[in-house]
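Okay, let's talk charged pairs today. Have a look at this one while I get going.

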Amino acid sequence: MKLFGKKNKSEKKPDEPVQQTPQKHPMQIGFEKNLKFMNQETYPVEFIQGLFTETGRIKTFTVGNADFPTGRVVLADPLAYLGSKYETVLEETIPAGSYPVELSIFNSELAGLRVAAARLKITDGRAVSYTLAQAMGYSDPDIKPKPLCFMGVDAGMGCITDKAVSEEYDKFLAEWHAQNPGGNHYDDYFKELLEDSYRKCPDYQTPYGDFLLWKLPASKNALIIFSSGLGDGIYCGYWGVDENGEKTELVMPFINPEFF
């Protein structure tokens with residue numbers, strides 16, 4: 001019996017083309033998996049420590065020591081948000097001092113050369129757990145809305161620095177732009193410095209330069225900037241705590257190498 005006005009879904013005209021489902025590129029698949037994986041409440045110790053364990057695809061590189069004259073820690077994209085209201089100031093502090101910044105350099109045929117994670121080493125102790133680094137004021141019930149705990153990236157770069165360094169950096173940029181009206185502080189200032197960093201350490205970064213130890217002209221405080229994994233996005237910091245409950249490091253993961 002034929003039902004007028006209805007068509008069996010299985011029927012197809014002989015010359016009707018078969019619809020093909022677009023295939024995603026493996027890089028896109030990896031990117032989407034990585035996006036879902038990032039910014040968890042915490043990570044297994046094995047995952048974080050694996051990022052800083054050298055293998056055939058991972059190298060570690062210590063850029064140098066960053067200065068923390070007050071111990072008030074700031075996470076920010078240095079080319080877009082450092083020194084602005086959009087930087088992330090952390091609730092917990094560290095002792096004032098100078099601490100090494102170590103990078104996990106990941107290289108794969110699919111993703112190329114990338115900074116998979118950055119780590120500020122506070123002590124020589126070994127972390128036994130990791131907790132999300134909360135933003136300053138996050139636990140204060142009188143502050144609404146709550147400050148964001150993650151570092152926003154809009155120029156593909158990140159840094160772990162001190163609040164006093166951030167404030168001085170903001171003054172430097174203001175003076176630089178006043179002296180260079182219409183100038184771009186990346187194209188006209190930092191671009192050459194990053195490319196010079198590459199020439200000095202070509203085995204650990206791309207020709208554009210993926211990290212830089214830079215000293216502010218006035219105080220000579222050291223600021224270390226680095227590329228943020230796959231680029232723009234949001235990334236969280238995690239305090240590594242040793243068996244005595246003391247903070248031993250602050251880690252920012254950008255990439256899970258398993259996806260690439």
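So, E195 and K191: those two make a salt bridge, with the closest N and O atoms 2.9 Å apart. By salt bridge I mean a side-chain nitrogen of Lys or Arg within 4 Å of a carboxyl oxygen of Asp or Glu. Before I go on, this is a predicted model, where local features need pLDDT of at least 70, side-chain atom pairs count only at pLDDT 80 or more, and totals for chains, interfaces and linings use all residues. Residues are numbered from 1 along each chain as its sequence is written, and side-chain values use heavy atoms, with hydrogens and water left out.

Back to the pair. E195 and K191 sit 4 residues apart in helix 4 (residues 186-200), about one turn; helices are DSSP runs of H or I with at least four residues, strands are E runs of at least two, and both are numbered from the N terminus. E195 is partly exposed at 21% relative accessible area, and K191 is partly exposed too, at 30%. Cut-offs there: buried is under 20%, exposed over 50%, partly exposed in between, with a 1.4 Å probe and protein chains only.

Helix 4 also has K200 and D196, again 4 residues apart, bridged at 3.3 Å, N to O. K200 is exposed at 64%, while D196 is partly exposed at 28%.

Now, what about E249 and K121? They bridge at 3.0 Å, and because E249 is in strand 13 (residues 247-253) and K121 in strand 5 (residues 112-121), the pair ties together parts 128 residues apart in sequence. Both are buried. They also belong to a salt-bridge network with E102 and R119. Overall, the structure has 9 salt bridges.
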